[in-house]
Amino acid sequence: MSQTNAESAKSNQPKKRKRWITPKNVPYLFILPAVTFFLIFTVYPVISSLLLSFQKREGSGYVFAGLENYIRLFQDGLFYKALGNTFLILLIQVPIQLFLAVIIAVALNSQLVKMKSFFRIAFFMPAITALVASSIIFMIMLDENYGLINYLLSFVGVEPIAWLSDPFWAKVALMVAITWRWTGYNMVIFLAGLQNIPGSLYEAAEMDGASKLKQFFYITIPQLKPIFLFTFVLSTIGTLQLFDEPYILTEGGPNNSTLTITLYLYQNGFRYFDFGYASAIAYVLVLIIGVLSWAQMKWAGEDK
């Protein structure tokens, strides 16, 4: 009898509702919007582009083409031209840029320089300037007939230089524009590294009679090795993805002398609407960036 009463009393109690929001799943609900956007706008395009690289357009649709796009890519002379232009800029411009960045950082870290904040902001400003705006300014300044640069060079007897219409000078102009934009960005990174070097190292070196030049080569440079690796990898990736400056300044000309890989990718995808071939170029570029980044890490000994 008592058992029957207990069961009836239990059945009369209100049932507890299942709670969908609990302390365990609240963190997942917070990150759900970010994960959703990441899957939609990052993961899905990457997978879709990979599948597209194995397809070619026929009529109004795409059909599976196997490795046809990749075989075509490695037989494409214009691709090798773009690859050569990109690596030429990488081998010349990046070392100059990093050299200037570390020199400026060391100068602005010195106690002898006044108004440090002003100069740091001034050197960093190009990095946050709109790419289109800065490229248009360079295009105006480098105009062969009415540009400011040729006007100033005329005072020292230099003939007008075809900055944007001569293959050699077009490359030079492109490197100058890139160096102007990104030197300040790398300078800030080097400056942060310099401020983490213990001052006691320099004091001990001074007590041993080391000059400022020796301190720079035997203390500053070795201590900045991780920063050099970081900036070099970033600059390498940025140069291999170079698009805005050549697109606005020269459109890859003259005679494809400033055509870069990403500009060639853009032309195939959005000028000729050959998205399968453009996707193949994109994944070959990803492979090149990955191999170079791994090689730089390996060479620097960061895997130990």
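Which backbone oxygen does the side chain of threonine 258 reach? The side chain of threonine 258 reaches the backbone oxygen of glycine 253, at 2.6 Å.

A word on the model comes next. This is a predicted model, in which local features need pLDDT of at least 70 and side-chain atom pairs count only at pLDDT 80 or more, while totals for chains, interfaces and linings use all residues. Residues are numbered from 1 along each chain as its sequence is written, and side-chain values use heavy atoms, with hydrogens and water left out.

Threonine 258 sits in the loop between helix H12 (244-249) and helix H13 (261-271); helices here are DSSP runs of H or I with at least four residues, numbered from the N terminus. Leaving aside neighbours within four places in sequence, its contacts (heavy atoms within 4.5 Å) include Asn85, Leu174, Pro246 and Gly253.

Asparagine 150, for its part, belongs to helix H7 (residues 148-154). Not counting residues up to four places away in sequence, asparagine 150 touches Asp143, Glu144, Pro160, Ile161 and Trp163.

Here are the two residues side by side, where buried means under 20% relative accessible area, with a 1.4 Å probe and protein chains only.

| Residue | Relative accessibility | Backbone oxygen reached by the side chain |
|---|---|---|
| Asparagine 150 | 7%, buried | glutamate 144, 3.0 Å |
| Threonine 258 | 1%, buried | glycine 253, 2.6 Å |

Helix H6 (131-141) and helix H8 (167-194) come together in another feature: each supplies at least two residues of the lining of the largest cavity.

Note on methods
Buried means under 20% relative accessible area, exposed over 50%, partly exposed in between (1.4 Å probe, protein chains only). A polar contact is a pair of N or O atoms within 3.5 Å; within protein, one must be able to donate a hydrogen and the other to accept it, and residues adjacent in sequence count only if both atoms are side-chain atoms.
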